Amino acid sequence: MKINSLELISFRNYHQQSFLFDPYINIFIGDNAQGKTNVLESIYLLSTARSFRTHKYKEMIFFNEEFSKITGQVETNNKPSVMRIVLSKEGKKAFINQKDILKTSEYLGYLNVILFLPSDLYLIQGSPGERRSLLDSEISKISPIYMYNISKYYKLLKERNAYLKSLHDHKKEADVYLEVLSEQLAGLQEDIIKRRYDFISLLDEISHKIYDYISSSESLSISYHCMYKDYSKEIILKKYQETYYKDIIYSMTSSGLHRDDIIFKLNDKNAAFYASQGQQRSIVLALKIGLLEIVKKQIGEYPILLLDDVLSELDDKRKTKLLNMIDHKIQTFITSTSIDGIHHQIINDALKIYISEGHIKEEKNGRYKSKS
């Protein structure tokens with residue numbers, strides 16, 4: 001899986017710029033606020049039809065322009081496709097080979113990416129919501145059914161919470177409509193939770209081996225912490241029924257998969273409390289590489305890897321381990337203010353694209369020539 005070329009029109013600080021990429025390592029180099037991360041964001045948008053930085057489309061449109069357009073020539077299982085995202089102040093449109101794709105579930109999967117941000121290095125210390133969001137995002141990439149069910153779950157959850165507040169405000173007790181909403185939520189969770197367990201079990205198996213390669217002195221385990229031991233529809237609905245009074249009082253659904261978490265342990269101790277910062281960074285690194293391997297296992301080829309200024313956050317040992325694992329296997333896009341001091345053959349061979357104020361200033365070691 002790779003992206004061969006990219007064209008940006010009126011996207012962020014790019015008025016019009018085209019790129020031709022190396023099939024392996026591409027490094028965007030430049031000072032801060034020049035547009036390096038904007039390129040990664042555009043690739044992420046092509047993959048997921050959403051940004052990892054904002055929900056506001058107008059923020060991604062070049063100043064005083066009405067729309068922005070991102071076009072990528074991609075290759076999946078050696079089959080070429082043209083993917084396009086058009087953003088306007090009214091919303092977005094997605095196209096594959098000129099066909100307007102109306103449902104996100106039909107768009108995902110043509111171009112899979114794994115994104116690694118500096119903030120991800122603090123995932124262990126972050127909130128359960130951040131870890132659930134990562135879990136939901138990654139499973140959705142390989143399972144349209146999961147994406148549909150988890151989206152429907154959160155819409156129903158929002159509706160149920162609003163109705164709980166209405167009952168509380170009007171001093172009413174549980175009624176038939178609350179029962180209907182609860183039954184619908186319970187019905188969705190059985191499949192979602194099972195898929196979460198299966199995904200985390202596979203991630204644990206793969207990431208354990210990767211962590212052993214990165215840091216062989218501890219044993220990593222990853223587990224899914226679910227509030228239900230039995231997550232059948234009947235048991236979950238019964239739990240809702242038992243907490244109707246409490247939920248109405250607090251105008252909030254007190255149980256459900258939106259309360260679950262992912263637990264990381266080193267030598268059977270919770271990494272959030274007992275692991276050093278260096279150990280936690282190794283865990284997240286193993287997690288991200290593990291996600292790459294899961295996608296490879298599920299669809300038969302590696303996704304694209306996006307590294308946004310991550311190398312500067314890793315020590316020399318972890319940088320070397322990461323580069324060794326992606327060498328000549330995964331098309332990777334890296335942003336950095338400088339690559340001085342990074343001594344690895346993969347960096348020497350990489351296509352280096354120097355960015356300044358939304359333009360390519362210089363290109364080195366490229367097997368392709370970029371156009372502007």
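A residue is called buried here when its relative accessible area is under 20%, and exposed when that area is over 50%. Keep this at hand for the exercises below, which all concern a predicted model.

**Exercise 1. Find which residues of helix H3 are buried, and compare the reach of the helix with its expected span.**

Step 1: Locate the helix. H3 covers residues 128-142, which is 15 residues.

Step 2: Apply the cut-off of under 20%. In H3 the buried residues are Arg-131, Arg-132, Leu-134, Leu-135, Asp-136, Ser-137, Glu-138, Ile-139, Ser-140 and Lys-141.

Step 3: Check the span. From first C-alpha to last, H3 reaches 22 Å, close to the 21 Å expected at 1.5 Å a residue.

**Exercise 2. Decide whether Ile-294 is buried or exposed, and list what it touches.**

Step 1: Ile-294 belongs to helix H9, residues 277-299.

Step 2: Read its accessibility. Ile-294 counts as buried because its relative accessibility is 1%.

Step 3: Look for contacts, leaving aside residues up to four places away in sequence. Ile-294 then touches Ile-142, Phe-199, Leu-202, Leu-203 and Ile-206.

Step 4: Take one of these partners further. Ile-142 is 152 residues from Ile-294 along the chain, yet their C-alpha atoms are separated by 9.4 Å.

**Exercise 3. Work out how strand E10 is paired and how well it is covered.**

Step 1: Start with E9, residues 220-225. This strand runs antiparallel to E10, and the two share six bridges. Within the pairing, Ile-222 faces Phe-264 of E10.

Step 2: Turn to E11. E10 and E11 are also antiparallel, with two bridges. Here Leu-266 has Lys-269 in E11 as its bridge partner.

Step 3: Inspect the turn. E10 and E11 make a hairpin with two residues between them, and Asn-267 in the turn has a positive phi of about 50°.

Step 4: Judge the cover. Five of the six residues of E10 are buried, so by the under 20% cut-off the strand is mostly covered.

**Exercise 4. Describe the setting of two non-glycine residues with positive phi, Asp-268 and Glu-357.**

Step 1: Take Asp-268. Its phi is positive, at about 70°, and the residue sits in the loop between strand E10 (261-266) and strand E11 (269-270). Asp-268 counts as exposed because its relative accessibility is 67%.

Step 2: Take Glu-357. Its phi is near 50°, and its place is the loop between strand E14 (351-356) and strand E15 (359-364). With a relative accessibility of 59%, Glu-357 therefore counts as exposed.

**Exercise 5. Characterise the interface of domain 1 and domain 2.**

Step 1: The domain assignment gives domain 1 as 1-111 + 302-371 and domain 2 as 126-299. To their contact, domain 1 gives 23 residues and domain 2 gives 20 residues.

Step 2: Consider distance and area. The C-alpha centres of the two domains are 30 Å apart. Together the domains bury about 1,800 Å², with 68% of it on carbon and sulfur atoms.

Step 3: Find the main contributors on one side. Tyr-302, Arg-318 and Met-325 supply 34% of the area that domain 1 buries against domain 2, more than any other three residues.

Step 4: Look for charge pairs. The rule finds two salt bridges across this interface.

Terms used: Residues are numbered from 1 along each chain as its sequence is written. This is a predicted model: local features need pLDDT of at least 70, side-chain atom pairs count only at pLDDT 80 or more; totals for chains, interfaces and linings use all residues. Side-chain values use heavy atoms; hydrogens and water are left out. Helices (H or I, at least four residues) and strands (E, at least two) are DSSP runs, numbered from the N terminus. Buried means under 20% relative accessible area, exposed over 50%, partly exposed in between (1.4 Å probe, protein chains only). Two strands pair if DSSP finds at least two bridges between them. The expected span of a helix is 1.5 Å times one less than its number of residues. Domain bounds come from an automatic or database domain assignment. Contact means heavy atoms within 4.5 Å. Buried area is the accessible area (1.4 Å probe) that two parts lose on being put together, summed over both. A salt bridge is a side-chain nitrogen of Lys or Arg within 4 Å of a carboxyl oxygen of Asp or Glu.
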